[in-house]
Amino acid sequence: MLLLHGWDPVKPSDPFWFTIGGAAEAGETLRQAAARELLEEAGITVDETVLGEPFETAPIEFTWAGMVFDQDQTFFAVLIDGAEISFDGQESLERATIDTHGWLLPADLETGGSAGRPADPEIPRLMRAAVTAVRGRSGPDSGLLK
């Protein structure tokens, strides 16, 4: 699964892996927001229709840049074949706090994994759920991009 690696600007010595995401803009559906965020944060273009239904929703509260965020998360999954990653669409603060991306397995982030820590301990479970969601799709709308 594609994850980004970065840090909280007030804790640069404590990096972590996290999912691509962000807020929906006014008038935007969650599916449209997911496709836009994927383009902005990783340079990957997908048609929102290939995202299917969300595979999970969950509330989360966290602190970043000294601010407390209390939000609802909606997760979509899409199978991508041969994507080239680009950070060109990121905002300046994102560019300043994200150093790389990685195609990781859940075991890479679990205790003793080689990649480092996830921002949220639920990320390995979410990664498995995303794979299950994509495998559950069939036919031309499976989400496979060539």
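What pattern does the protein chain follow when it is read along the sequence? In this predicted model, the protein chain runs as β-β-α-β-β-α-β-α-α, an order that is built from 4 helices and 5 strands.

The overall dimensions come next. The C-alpha atoms of the protein chain fill a box of roughly 45 × 40 × 30 Å when the box is taken along the principal axes. A compact globule with 146 residues would have a radius of gyration near 15 Å, and because the protein chain has 15 Å, the value agrees with that expectation.

The buried residues in helix 1 are A33, A35, R36, E37, L38, E41 and A42, and what covers them includes strand 1 and helix 2. Directly after helix 1 comes G43, whose phi is positive, near 75°.

The largest nonpolar core consists of 10 residues, namely L2, A35, L38, A42, I44, V46, V50, L51, F76 and I85. Helix 1 gives the most to this core, with 3 residues. One member of the core, F76, can be followed through its contacts: leaving aside neighbours within four places in sequence, F76 is in contact with L30, R31, A34, L51, G52, E53, P54 and F55.

Which residues of helix 4 are buried? They are I123, P124, L126, M127, A130 and V134, and because these residues cover an arc of only 160° around the axis, they lie on the same side of helix 4. The buried residues of helix 4 pack against strand 1 (2–8), strand 2 (11–18), strand 3 (56–64), strand 4 (67–75) and helix 3 (106–109). As for its length, helix 4 has 13 residues, 123–135, which should span 18 Å at 1.5 Å a residue, and the distance of 18 Å between its end C-alpha atoms agrees.

A58 is found in strand 3 and, at 21% relative accessibility, counts as partly exposed, because the cut-off for a buried residue is under 20% relative accessible area. A58 and T74 are 16 residues apart in sequence, yet their C-alpha atoms are 6.7 Å apart in space. When residues up to four places away in sequence are not counted, A58 touches Q71, D72 and Q73. A65, in turn, is found in the loop between strand 3 and strand 4, and with a relative accessibility of 27% A65 counts as partly exposed. Most residues other than glycine have a negative phi. In A65, however, phi is near 55°, a positive value in a residue other than glycine.

Q90 is found in the loop between strand 4 and helix 2, and with a relative accessible area of 2% Q90 is buried. Not counting residues up to four places away in sequence, Q90 touches L4, E40, E41, R95 and I98; of these, E41 is among the buried residues of helix 1. T97 is found in helix 2, which covers residues 92–97, and at 5% relative accessibility T97 counts as buried. Leaving aside neighbours within four places in sequence, T97 is in contact with H5, G6, W7, P9 and W64.

Key. Residues numbered from 1 in each chain as written. Predicted model: local features only at pLDDT ≥ 70, side-chain atom pairs only at ≥ 80, totals over all residues. Heavy atoms only, no water. Helix = DSSP H or I, 4+ residues; strand = E, 2+ residues; numbered from the N terminus. Expected span 1.5 Å × (residues − 1). Buried < 20%, exposed > 50% of the residue type's maximum accessible area, 1.4 Å probe, protein only. Arc of directions from axis to C-beta. Contact = heavy atoms within 4.5 Å. Rg over C-alpha atoms; globule rule 2.2 N^0.38 Å. Core = buried A, V, L, I, M, F, W, Y, C linked by side-chain atoms within 4.5 Å.
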